[in-house]
Amino acid sequence: MRTISDMFAEMKKIADEEGYQFNPDSIQLNDILDGLWENEHRYGYPSCPCRIAKGVLADDMDMICPCNYRDADVEEYGCCLCVLYVSDDWATRKHDPIPERRPQEYYEKGYPAILEQKGAGGGDMVEVYRCTVCGYLCGREEPPDLCPICRAKKERFEKFDKIY
Amino acid sequence: MKKNIRPKLYTLSTCMHCRATKRFLKEHGIEYDFVDVDKLDGREKEEVLSEVKSISGGVRFPTIVIGSKVIVGFYEDKLKKALGI
């Protein structure tokens with residue numbers, strides 16, 4: 001089992017590469033990392049410390065840190081739910097708790113199987129965006145701020161139109 | 001401080017906001033009851049989770065009950081108001 005500092009070092013390496021920032025308040029940061037590590041220890045994966053896990057990997061898949069909701073929350077509210085990841089302008093923002101983006105029914109039924117999700121196909125499919133620089137494709141509400149593959153900025157993404 | 005109001009907290013032992021809430025109450029000398037839902041198992045966990053849901057309409061932490069008031073999340077100003085401090 002890796003130690004808390006091993007865990008943070010691995011997270012920090014990826015965050016630095018991808019341009020993500022951690023909570024600058026060291027007391028809060030330590031509390032959050034402590035909770036994450038506790039979950040990793042208990043469940044075998046670092047489930048969000050501020051969400052109740054079922055302890056079944058498939059059910060908790062969307063809230064393993066970094067959770068599926070991080071990017072949208074950092075963009076809209078300046079931080080993710082547990083405040084591990086923050087935006088560049090977080091210091092100047094109001095620090096009230098942010099709303100829960102994870103649908104409440106997931107707490108009962110768990111994260112839905114791929115074929116039950118929005119984006120699995122059909123009329124309800126999410127947009128697909130293509131990085132015009134490297135061709136990376138992602139299906140989500142908005143393109144990422146930075147392409148995780150080639151670091152191109154959000155503006156370099158275009159909608160990848162579906163052919164029916 | 002208003003008498004006879006002993007806050008009841010539904011918390012996660014791992015959650016920074018929950019820890020901050022407990023710290024805040026301790027610093028203000030307020031005694032409280034709490035349940036760390038992540039430390040429960042099986043049926044007990046399910047029961048407490050449905051209790052949380054019936055109180056606030058969702059499963060979010062911390063959920064704080066002070067008398068007839070319910071506060072979801074660590075809001076210092078709301079807590080102070082509800083506790084009369």
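Helices (H or I, at least four residues) and strands (E, at least two) are DSSP runs, numbered from the N terminus. The structure is a predicted model, in which local features need pLDDT of at least 70, side-chain atom pairs count only at pLDDT 80 or more, and totals for chains, interfaces and linings use all residues. Residues are numbered from 1 along each chain as its sequence is written, chains are lettered from A and ligands numbered from 1 in the order in which they are written, and side-chain values use heavy atoms, with hydrogens and water left out.

**View 1. Arg151(A) and Val83(A), two non-glycine residues with positive phi.** Arg151(A), in the loop between strand S4 (137–139) and strand S5 (157–159) of chain A, has a phi of about 70°. Its relative accessibility of 30% makes Arg151(A) partly exposed (buried is under 20% relative accessible area, exposed over 50%, partly exposed in between, with a 1.4 Å probe and protein chains only). Val83(A), with phi near 65°, lies in the loop between H4 and strand S2 (85–86) of chain A. Val83(A) is buried, at 7% relative accessible area.

**View 2. Crossing of H1(A) and H2(A).** The two axes come within 10 Å and cross at roughly 105° (axes are lines fitted to C-alpha atoms, for helices over the stretch in contact, and angles run from 0 to 180 degrees between N-to-C directions). H1(A) is therefore roughly perpendicular to H2(A) (65 to 115 degrees; under 35 is roughly parallel, over 145 roughly antiparallel, and the rest oblique). Ile4(A), Met7(A), Phe8(A) and Met11(A) of H1(A) contact residues of H2(A) that include Leu33(A) and Trp37(A) (contact means heavy atoms within 4.5 Å).

**View 3. Oblique pairing of H1(B) and H3(B).** The axes of helix H1 (residues 16–27) and helix H3 (residues 76–83) of chain B come within 12 Å and cross at roughly 40°. Thr21(B), Phe24(B) and Leu25(B) in H1(B) meet Glu76(B), Leu79(B), Lys80(B) and Leu83(B) in H3(B).

View 4. Pro66(A) is placed in the loop between helix H3 (57–60) and helix H4 (70–77) of chain A. The loop holding Pro62(B) runs between helix H2 (42–56) and strand S3 (63–66) of chain B.
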